[in-house]
Amino acid sequence: MASSTRNHPLAITLLMLTCLPTSSSKEPEAILLLKFKSSLTNTTSLSNWDPLVQLCNGNVSNWNGLLCFNGEFFGLRLESMGLSGSLDIRTLFQLTFLCTMSVMNNNFQGSFPNVSKLTGLKGLFFSNNHFSGELPDDIFTGMKFMRRILMANNEFTGKIPMSLLGIQKLVELQVQDNQFDGRIPAFAQQDLRSNVANNRLEGPIPPQLSSQSASSFE
Ligand SMILES: *[C@@H]1O[C@H](CO)[C@@H](O)[C@H](O)[C@H]1NC(C)=O
Ligand SMILES: *[C@@H]1O[C@H](CO)[C@@H](O)[C@H](O)[C@H]1NC(C)=O
Ligand SMILES: *[C@@H]1O[C@H](CO)[C@@H](O)[C@H](O)[C@H]1NC(C)=O
């Protein structure tokens, strides 16, 4: 199961093609990234984050866990690094070109960070951690570029947020292996593939999703 929520290299590569800045910031990206790093613990994998080294060299990042395109930083891919801590989302708001964010396969716990101002994101990858608690219903409101949300295999409870219904471009949603309850929201997005299996959901499968394999709903 974990393998289905792991890396999506192609997907992440495609994400960068149409990113636009959503806000402007005066602080250099390197300073903001180091500020963000200081909210994390067990950061040995990020020991090459050095303000004297430029972030990107063409499509290659000089800093572990950064995604680069033509010399520009556009995403964080902090996967399988043994990270935990508090995820300083306020600092990320100021990273104007942040387009995708992954912290999959780490040791994060506690409530889900309030990502609702990261409206430029196209991908949010939080699977395989220990996040818990309820998600505010409006947490995904206004995320008009969002395409992929992976939150599988955590300890989320409560309802699946209705604000997911408003994300027109959503093509992939993985919330399996949590403790969500209530009904499956009536998703109507054309190309959405979703997996809601292994929760405490009840009620009918929305018509738009009924062509998917039964294992997505177990
Ligand atoms: C980055 O990758 C794109 C797509 O593969 C390519 O078109 C571009 O030339 C690359 N840029 C650099 C600086 O290598
Ligand atoms: C710290 O990270 C390393 C990998 O970078 C990992 O092997 C180790 O388990 C982590 N420690 C804790 C306490 O999470
Ligand atoms: C999350 O952030 C948004 C925007 O800053 C704010 O309106 C909302 O009240 C916050 N929600 C929670 C649960 O803190």
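Visitor: Which residue's side chain puts an N or O atom 3.2 Å from an oxygen atom of ligand 3?
Guide: That's Ser 116. It's a polar contact, meaning a pair of N or O atoms within 3.5 Å; within protein, one must be able to donate a hydrogen and the other to accept it, and residues adjacent in sequence count only if both atoms are side-chain atoms. Before we go on: this is a predicted model, where local features need pLDDT of at least 70 and side-chain atom pairs count only at pLDDT 80 or more, while totals for chains, interfaces and linings use all residues. Residues are numbered from 1 along each chain as its sequence is written, chains are lettered from A and ligands numbered from 1 in the order in which they are written, and side-chain values use heavy atoms, with hydrogens and water left out.

Visitor: What else surrounds ligand 3?
Guide: Asn 114 and Lys 117 join Ser 116 there, where being near takes a heavy atom within 4 Å. Asn 114 has a polar side-chain atom 2.4 Å from an oxygen atom of ligand 3.

Visitor: How much of ligand 3 does the protein bury?
Guide: The protein buries 36% of the 370 Å² that ligand 3 exposes when taken alone. Those areas are Shrake-Rupley values with a 1.4 Å probe, and for residues only the protein chains shown count as cover.

Visitor: OK, ligand 2. Which residues are around it?
Guide: Asn 42, Thr 44, Ser 45, Met 81, Gly 82 and Asn 107. By class, the ligand 2 shell has one nonpolar, five polar and no charged residues. For the classes, Ala, Val, Leu, Ile, Met, Phe, Trp, Tyr, Cys and Pro are nonpolar, Asp, Glu, Lys and Arg are charged, and the others, Gly among them, are polar.

Visitor: And what lies 3.0 Å from an oxygen atom of ligand 2?
Guide: A polar side-chain atom of Asn 107. Ser 45 also has a polar side-chain atom 3.5 Å from a ligand 2 oxygen, and a polar backbone atom of Met 81 sits 3.3 Å from an oxygen of the ligand. Taken alone, ligand 2 exposes 360 Å², and the protein buries 39% of that.

Visitor: Then ligand 1: which residues surround it?
Guide: Gly 58, Asn 59, Phe 69 and Asn 70. The side chain of Asn 70 has an N or O atom 2.6 Å from a nitrogen atom of ligand 1. On its own, ligand 1 has 360 Å² of accessible area, and the protein covers 36% of it. The shell splits into one nonpolar, three polar and no charged.

Visitor: Switching to the protein itself. How many helices and strands in the chain?
Guide: Three helices and 16 strands. Both are DSSP runs numbered from the N terminus: helices are H or I with at least four residues, strands are E with at least two. Of the 218 residues, 50% are buried, where buried is under 20% relative accessible area, exposed is over 50% and partly exposed is in between (1.4 Å probe, protein chains only).

Visitor: How many aromatic pairs does it hold?
Guide: Eight. Rings of Phe, Tyr and Trp (its six-membered ring) pair if their centres lie within 6.5 Å; planes under 30 degrees apart are stacked, over 60 edge-to-face and the rest tilted.

Visitor: Why is the Phe 126 and Phe 131 pair called tilted?
Guide: Because the planes of Phe 126 and Phe 131 are at 55 degrees, with the ring centres 5.4 Å apart. Phe 126 is buried at 0% relative accessibility, and Phe 131 is buried at 2%.
Phe 156 and Phe 180 make a stacked pair, with centres 5.9 Å apart and planes at 20 degrees. That pair links distant parts of the chain, 24 residues apart: Phe 156 is in strand S12 (residues 155-158) and Phe 180 in strand S14 (residues 179-183).

Visitor: Which residues do the ring pairs link into a cluster?
Guide: Phe 108, Phe 112, Phe 126, Phe 131, Phe 156 and Phe 180.

Visitor: Last one: where is Ile 149, and what does it touch?
Guide: Ile 149 is in strand S11 (residues 148-150) and is buried, at 0% relative accessible area. Leaving aside neighbours within four places in sequence, its contacts (heavy atoms within 4.5 Å) include Leu 124, Phe 140, Leu 164 and Glu 172.
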